[in-house]
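Morning, everyone. Please have a look at the structure on the screen, and then I will walk you through it.

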Amino acid sequence: MAVQRTDFSTLDIGFQFPVSAYSIGEDWRSAYIQAVGDNSELYNQTNLLPHISVLALAMAEMSKNISLPEGAILVSQTLEFYRPVHLNDSITAIATVTEKLKSRRLDLLAIGLRLFNQNNEEIAFAETRFILNYSQRI
Amino acid sequence: MDRPPVTGTTLPLVKKTITQQDIDRYAKVSGDFNPIHVDPEYARRTPLGGTVAHGMLLLAYVSQVMTKAFGKAWLENGKIHARFKAPAHPGDQLTISGAVTKVDTDHGTTLVCCDIFCRNQNGEELISAATEVKIKQ
């Protein structure tokens, strides 16, 4: 059954998206570090994941539940990791609308993400701010 | 970094030339196929004038500077606050680096704060970021 996407215009501050769960395997990590051109030997020596990759996948999972307009762009990103994330860790992501502004020129949306591992330990917090109509208005 | 960081230390340099192929590859792995990134025809009709790289791709480059500088410690904890100031277009040559702005040691753990920039070939700042990492002695 296809997931019903929530239209951003109907979101209010405090809205919580459906909880998403995922894990990252070696194939995806390899594809990611190739895509971003990261040649750190750490990925051959350890099973650690780059922070941004974990966030990128959390945002991909979140985007399945929200319909943002074409042309929405990132304005700012805050990310704080409290613990390392390893290959095949089970990650649970809880996303909440933290800010929503509508003005004559710009519509802005901020989403907070909390990530937990399989031991229910909080591993990260992220807040992403989008301008929703940048490419149409500016 | 081979030596303990001190305030003012320059961070390693990361240089990238953005191509549409890079953007498409990142779209595939991230699942973000926003047409502003992957559809040149669509993007040409917007005020941006053409496709732009994902902000998260540029943020990955910022993170690479920290991985180069601090290694495993950066993968074990860390904080970034980044502002996206201008887009990167295919063909842009990016330089990402920065400097240590503060070092604070307390009970065997050193907190290192850095400022990182991402600039294009015209010296225009695309991202400014503040980062922190804790290093256990």
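Let's start inside one helix. A:Trp28 and A:Tyr32 both sit in helix H1 of chain A, residues 26-35. They are four residues apart there, so about one helical turn separates them. Keep in mind that this is a predicted model.

Are these two residues buried or exposed? Both A:Trp28 and A:Tyr32 are buried.

Now the rings. A pair of aromatic rings is described by the distance of the centres and the angle of the planes. Over all chains, the count comes to three aromatic pairs. Take A:Trp28 and A:Tyr32: their ring centres are 5.3 Å apart. Their planes meet at 20°. Planes under 30 degrees apart count as stacked, so this pair is stacked.

What does A:Tyr32 form with B:Tyr26? The two make another aromatic pair, and that one is edge-to-face. The distance is 6.3 Å centre to centre, with 65° between the planes. Look at the chain letters. This pair crosses between chains. On one side is A:Tyr32, in helix H1 of chain A. On the other is B:Tyr26, in helix H1 of chain B, residues 20-30. A:Tyr32 is buried, and B:Tyr26 is buried too.

Next stop, a loop in chain A. Where is A:Phe8? You will find A:Phe8 between strand S1 (6-7) and strand S2 (20-23) of chain A. Why does A:Phe8 count as buried? Its relative accessible area is 17%, and buried means under 20%.

What does A:Phe8 touch, leaving out residues up to four places away in sequence? Its partners include A:Ile66, A:Ser67, A:Leu68 and A:Pro69. A:Lys100 and A:Leu132 are also among them. Then there is A:Leu109. A:Phe8 and A:Leu109 are 101 residues apart in sequence. In space, C-alpha to C-alpha, they are 8.4 Å apart.

Let's step back to chain A as a whole. Chain A has four helices and seven strands. Read from the N terminus, the order is β-β-α-α-α-β-β-β-β-β-α. Of its 138 residues, 51% are buried. Consider contacts in chain A with a separation of 6 or more: 71% of them join residues 24 or more positions apart. The accessible surface of chain A is about 6700 Å². Carbon and sulfur atoms account for 49% of that surface.

Over to chain B. How many helices and strands are there? Chain B has five helices and five strands. From the N terminus, they run β-α-α-α-α-α-β-β-β-β. Chain B has 137 residues, and 51% of them count as buried. For contacts with a separation of 6 or more, residues 24 or more positions apart account for 64% in chain B. Its C-alpha trace spans about 55 × 30 × 20 Å along the principal axes. The accessible surface of chain B is about 6400 Å², with 48% belonging to carbon and sulfur atoms.

A word on charge. Chain B carries 16 positive and 14 negative charges. Their mean positions are 3 Å apart.

Last, confidence. The model scores ipTM 0.91 and pTM 0.91. In chain B the mean pLDDT is 94. There, 98% of the residues reach 70 or more.

Definitions and conventions: Residues are numbered from 1 along each chain as its sequence is written. Chains are lettered from A and ligands numbered from 1 in the order in which they are written. This is a predicted model: local features need pLDDT of at least 70, side-chain atom pairs count only at pLDDT 80 or more; totals for chains, interfaces and linings use all residues. Side-chain values use heavy atoms; hydrogens and water are left out. pLDDT is the predictor's confidence in each residue, from 0 to 100. Helices (H or I, at least four residues) and strands (E, at least two) are DSSP runs, numbered from the N terminus. Buried means under 20% relative accessible area, exposed over 50%, partly exposed in between (1.4 Å probe, protein chains only). Contact means heavy atoms within 4.5 Å. Accessible areas come from the Shrake-Rupley method with a 1.4 Å probe; for residues, only the protein chains shown count as cover. Lys and Arg count as positive and Asp and Glu as negative; His and the chain ends are not counted. The place of a charge is taken as NZ of Lys, CZ of Arg, CG of Asp or CD of Glu. Rings of Phe, Tyr and Trp (its six-membered ring) pair if their centres lie within 6.5 Å; planes under 30 degrees apart count as stacked, over 60 as edge-to-face and the rest as tilted.
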